[in-house]
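Okay, thanks for coming, everyone. Let me put the model up on the screen, and then I'll walk you through a few spots.

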Amino acid sequence: MRARIQTITRKRRGLADIVEKDIDAPALRVGRRPDSHIFLADPRVLLDHATVEIDAEGPIVRSSGGARVLFDGRSEAVARVRPGSKARIGHYELSFASPPPGLDLMIGIEAAPLTEDRKSTRLNSSHIPLSR
């Protein structure tokens, strides 16, 4: 599978930095492990949190070992994704878009903005799941 990953970093005044990288791999590893294809620096993200694969019907995301992933607002272990789908892992949002010619998959990654309830309930270390 050939995929383009866009990491989006928002700045003040609505500006954004976008860093793109193309990856050629049978599946994309998503997690907190430094060698993950999609690295998410959040203590709530497991070392090996999920994988993104493509089968005959298109892209599919599988969470690993009971990891929490929200797909379009619903917690699911496995989800078929299409352009416009969104997955939430930790405080990151993965947005799936139509890939340009020559690519099989395009994913935008952005740290989700803090909502008022998340600002008032900062991460408590006693609620961090332990990675295996």
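Quick housekeeping. This is a predicted model, where local features need pLDDT of at least 70 and side-chain atom pairs count only at pLDDT 80 or more, while totals for chains, interfaces and linings use all residues. Residues are numbered from 1 along each chain as its sequence is written, and side-chain values use heavy atoms, with hydrogens and water left out.

Back to His-49. You'll find it in the loop between β4 and β5; helices (H or I, at least four residues) and strands (E, at least two) are DSSP runs, numbered from the N terminus. So is His-49 buried or exposed? It's buried, at a relative accessible area of 3%. The cut-offs there are under 20% for buried, over 50% for exposed and partly exposed in between, with a 1.4 Å probe and protein chains only. Leaving aside neighbours within four places in sequence, His-49 is in contact (heavy atoms within 4.5 Å) with residues including Val-30, Arg-44, Arg-62, Val-69 and Ile-89.

Of the 132 residues, 36% count as buried.

Now the sheet. 5 strands make an open, mixed sheet, in the order β4-β3-β5-β6-β9; two strands pair if DSSP finds at least two bridges between them. β4 (38–39) and β9 (78–80) are at the edges with a single partner strand each, so one side of each has no neighbour in the sheet. Further in, β5 (residues 50–55) and β6 (residues 58–63) pair antiparallel over 6 bridges, and Ile-54 has Pro-59 in β6 as its bridge partner.

Of its 25 residues, Leu-28, Ile-38, Leu-40, Leu-94, Phe-96 and Ile-107 touch the most other members. β1 (2–10), β3 (28–31), β5, β10 (86–89), β11 (92–97) and β12 (105–111) each supply at least two core residues. Beyond four places in sequence, Leu-94 has contacts that include Ile-38, Leu-40, Ala-87 and Ile-107.

Technical notes: Core = buried A, V, L, I, M, F, W, Y, C linked by side-chain atoms within 4.5 Å.
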